[in-house]
Amino acid sequence: MLTFDPWNMLLLGLVTGLAFGFLLQRGGVTKYQVIVGQFLLANHTVLRTMLTAIVVGSVGVLAMHQLWGVKLHLKEATLWGNILGGGIFGVGMVVLGYCPGTGIGAIADGSRHAIWGVLGMLVGAAGYAEMETWIRENILSAWTLGKVTIAEEVHVSPWFLVFGLAVVAWLLFWWLQGKDVPGMTAPGNGRNATSMLDD
Amino acid sequence: MGTLLTRPRWSPFLVGACIGMLSWITFGLMGKALGTSTTFVTVVASLQSFVVPEHVKATPYLAKHTKIDWQFMLVIGIFIGAMLSALLARSYKVERVPDLWAWRFGSSKTKRYLAAFLGGILVLFGARLADGCTSGHGISGGLQFAVSSWVFFVSFFLTGMVTAFILFGKEGRKHVNV
């Protein structure tokens, strides 16, 4: 019944995961209070990490796509699903304090309550699987745009979006400098961030 | 390099840039988009396929997720990688009830574990309904400027903020001890 990917894909997955987990832990996002602190706008580590990842990632992926035909992997815009699912996800992420990847990393980092969070995730996955047929027929199909990008929808060059986001991110980072709620001792936030790279 | 490997916290810009470059590898070398949450369905479907194989066959969403794939290994990798990082930096720390939570809801472990469990249910149900989580939509979809992913991003950030302020209030911001 169970099938397996070829061993080289399994190995690549493992290696990528190793790096990803290492980075998540080192970036501090396997910590409950870093995640919840973001939603309280008290600590902006999550936003800094994600926006940087998106900007850097987009340059390389888009270039590889245009130069060498590397495939994109767009998820279908099933808008009610994206909106409702995202909404439920946001509530859960704050109550739990982790998302799926950081939750796994958090267990490895010593968080005992994350174990219960991951058990809950398995129950959530099982529950969704039972309702999936109904959801697909009634919610996901109700409002779909297909596998589209913002660039296609608003008819601009994707490079315009990459550049635009880079500028917005840079301005946001500049504005957020020192805006992490004081009293926090962790390095790598706000003003300390650049000096971390220098010394 | 030695100091960087043992330094407990890296700049979010450095970490973000590395995660961005990691996506170059998954797209360019593996032909895949980095993601996590599907694996939870894989685990559930695989376990059920041993216990209730007929039920798995009859449930389309379970039937199509009985493959131990690269992403399953990625999730195993996240666990090992995070642990390696914590041990190298000596920053492994047992946490049962976070300070912020204890300040607002008390130090009961049972209460915290129950909330984490319920939160986990919502997280994965929401991720599957939206067809992705913070990695699959947030990073992989975000960097492709997918409509689905940016809608997800805005939606989860908004409800997350509302939830955080309902649970902890403005006062809670002072109790975020990172």
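In this predicted model, 9 residues of domain 1 of chain B are in contact with 10 residues of domain 2 of chain B. On the domain 1 side, two helices of chain B, α2 (12-28) and α3 (38-51), each supply at least two of the touching residues. The class make-up of this side is 5 nonpolar and 4 polar residues, with no charged ones. Domain 1 of chain B covers residues 1-93, and domain 2 covers residues 96-178. Their C-alpha centres lie 19 Å apart.

The rest of chain B can be described briefly. Chain B has 10 helices and 1 strand. Along the sequence, the pattern reads α-α-α-α-α-β-α-α-α-α-α. Along the principal axes, the C-alpha atoms of chain B fill a box of roughly 50 × 40 × 35 Å.

Chain A is built from 9 helices and 3 strands. From the N terminus on, the order of elements in chain A is β-α-α-α-β-α-α-α-β-α-α-α. The C-alpha trace of chain A spans about 50 × 45 × 35 Å along its principal axes.

Helix α8 of chain A runs over residues 158-176 and holds 19 residues. At 1.5 Å a residue, α8(A) should span 27 Å, and the end C-alpha atoms lie 26 Å apart, so the two values agree. After α8(A) comes Gly178(A). The phi of Gly178(A) is positive, near 75°.

The two chains also touch each other. At this interface, 124 residues of chain A are in contact with 125 residues of chain B. Helix α6 (residues 113-138) of chain A gives the largest share of the chain A side, with 20 residues. By class, the chain A side has 72 nonpolar, 40 polar and 12 charged residues.

Strands join the chains as well. Strand β1 (residues 3-4) of chain A and strand β1 (residues 67-68) of chain B run parallel, joined by 2 bridges. Within this pairing, Phe4(A) has Ile68(B) as its bridge partner.

Helices of the two chains pack together too. Helix α4 (residues 79-96) of chain A packs against helix α10 (residues 147-168) of chain B at an angle of about 35°. The axes of these helices are 7 Å apart. The crossing of α4(A) and α10(B) is right-handed. From α4(A), the contact includes Gly85(A), Gly86(A), Gly87(A) and Gly90(A), along with Leu79(A), Ile83(A) and Phe89(A). From α10(B), the contributors include Phe152(B), Phe156(B) and Phe157(B), as well as Ser148(B), Ser155(B) and Gly160(B). Further along in α10(B), Thr163(B), Ala164(B) and Leu167(B) are also among the contact residues. In this contact of α4(A) with α10(B), 14 residues are nonpolar, 10 are polar and none is charged.

Definitions and conventions
Residues numbered from 1 in each chain as written. Chains lettered and ligands numbered in written order. Predicted model: local features only at pLDDT ≥ 70, side-chain atom pairs only at ≥ 80, totals over all residues. Domains from an automatic or database assignment. Contact = placed C-beta atoms within 7 Å. Helix = DSSP H or I, 4+ residues; strand = E, 2+ residues; numbered from the N terminus. Nonpolar A, V, L, I, M, F, W, Y, C, P; charged D, E, K, R; others polar. Pairing = 2+ DSSP bridges. Expected span 1.5 Å × (residues − 1). Axes fitted to C-alpha atoms, helices over the stretch in contact; angles between N-to-C directions. Left-handed = near helix turned anticlockwise from the far one by under 90°.
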